[in-house]
Structure formats: structure tokens, C-alpha cells
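These are my notebook entries on a structure that I had not examined before. I record what I looked up, entry by entry.

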Amino acid sequence: MGFRFQKRIRIFKGLTLNLSKSGSSWTVGRPGASVNFRGDKVTGNVGIPGTGLSYRESLDNQATPEEPGTKRSGARVLFWLALVAVVAYVLLR
């Protein structure tokens, strides 16, 4: 069994630096809605705090080799607009 290392450093309310054995990342947001930046990968997270229910999706715009130039569906764009609005609302309260 391998060892794991994970440390979160809160820079200020809504911004966290995440350190691990494999590297570092930044998280913007609060419980319920956040966006994580790690190198060239971006991940959005939406959840209902205290319930264990959440949804995570990769936001980087990389097309798969089978589907070059894949465009995002309207529902997916609407989802991420809602996520950005929630994060902005939480940060600006």
C-alpha cells in the first residue's frame, strides 16, 4: 500500500492552495461550488454541502482523438454558466 500526502493551505476566503505528492493545484470557490486548476487541467465541482451529493466535470477544452473538434452541447454550456454564477455569488457575498 502506498503513502499519500495531501495538504490544503487557505490563502484567503475562497482561494486554496492544494499540495500533494504529485504536485500542486489551486481551488477557487467554497463548499457547494468550486473550480480547480492543476497545470493545464480545469475541473468544476458542484454539490450540496452536508449530503455527500456532488457532480464533478472536466472543463478543459480537449477534444478526444475519436472526435476531433467536438463542440460543447448547449446544456453543458448552460451548466457551466450556472456554476460560474454560483461561484461569483458565493465569493461576492
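In which sense do strand β5 and strand β6 pair, and over how many bridges? I note first that the model is predicted. I found that β5, residues 41-48, and β6, residues 53-58, pair in the antiparallel sense, and that six bridges link them. I looked up N45 and found its bridge partner in β6 to be R56.

Entry on the hairpin. I then turned to the hairpin of β5 and β6, which has four residues between the strands. Here I noted G50, which takes a positive phi near 85 degrees.

Entry on the sheet. I asked in what order the strands of the sheet are arranged. I found an open sheet of six strands, ordered β1-β2-β3-β4-β5-β6, with antiparallel pairing. The edges are held by β1 and β6; each has a single partner strand, so one side of each is left without a neighbour in the sheet. Direction ignored, neighbouring strands of this sheet are turned by 20 degrees against each other on average.

Entry on β3 and β4. I looked up how β3, residues 23-30, is joined to β4, and found five bridges in an antiparallel arrangement. In this pairing I noted that R30 stands opposite A33 in β4.

Entry on S34. Is S34 buried or exposed? I located S34 in strand β4, which covers residues 33-38. Its relative accessible area is 12%, and because the cut-off for buried is under 20%, S34 counts as buried. Leaving aside neighbours within four places in sequence, I listed the contacts of S34, among them T27, V28 and G29, T43, G44 and N45, and also L83 and V87.

Entry on the surface. Which residues form a nonpolar patch on the surface? I found I9, I11, F12, W26 and F37, with about 470 Å² of accessible area together. Strand β1, residues 6-12, gives the largest share of this patch, with three residues. I checked I9, which lies in β1, and recorded it as partly exposed, with a relative accessible area of 32%.

Entry on F79. The relative accessible area of F79 is 25%, and F79 is partly exposed. What does F79 contact beyond its neighbours within four places in sequence? I found V46 and Y55. F79 and V46 are 33 residues apart in sequence, while their C-alpha atoms are 9.9 Å apart in space.

How values were computed: Residues numbered from 1 in each chain as written. Predicted model: local features only at pLDDT ≥ 70, side-chain atom pairs only at ≥ 80, totals over all residues. Heavy atoms only, no water. Pairing = 2+ DSSP bridges. Helix = DSSP H or I, 4+ residues; strand = E, 2+ residues; numbered from the N terminus. Buried < 20%, exposed > 50% of the residue type's maximum accessible area, 1.4 Å probe, protein only. Contact = heavy atoms within 4.5 Å. Patch = residues over 30% accessible without salt bridge, like charges linked within 9 Å, V, L, I, M, F, W, Y side chains within 5 Å. Areas by Shrake-Rupley, 256 points an atom, 1.4 Å probe, with all protein chains shown as cover. Salt bridge = Lys/Arg side-chain N within 4 Å of Asp/Glu carboxyl O. Axes fitted to C-alpha atoms, helices over the stretch in contact; angles between N-to-C directions.
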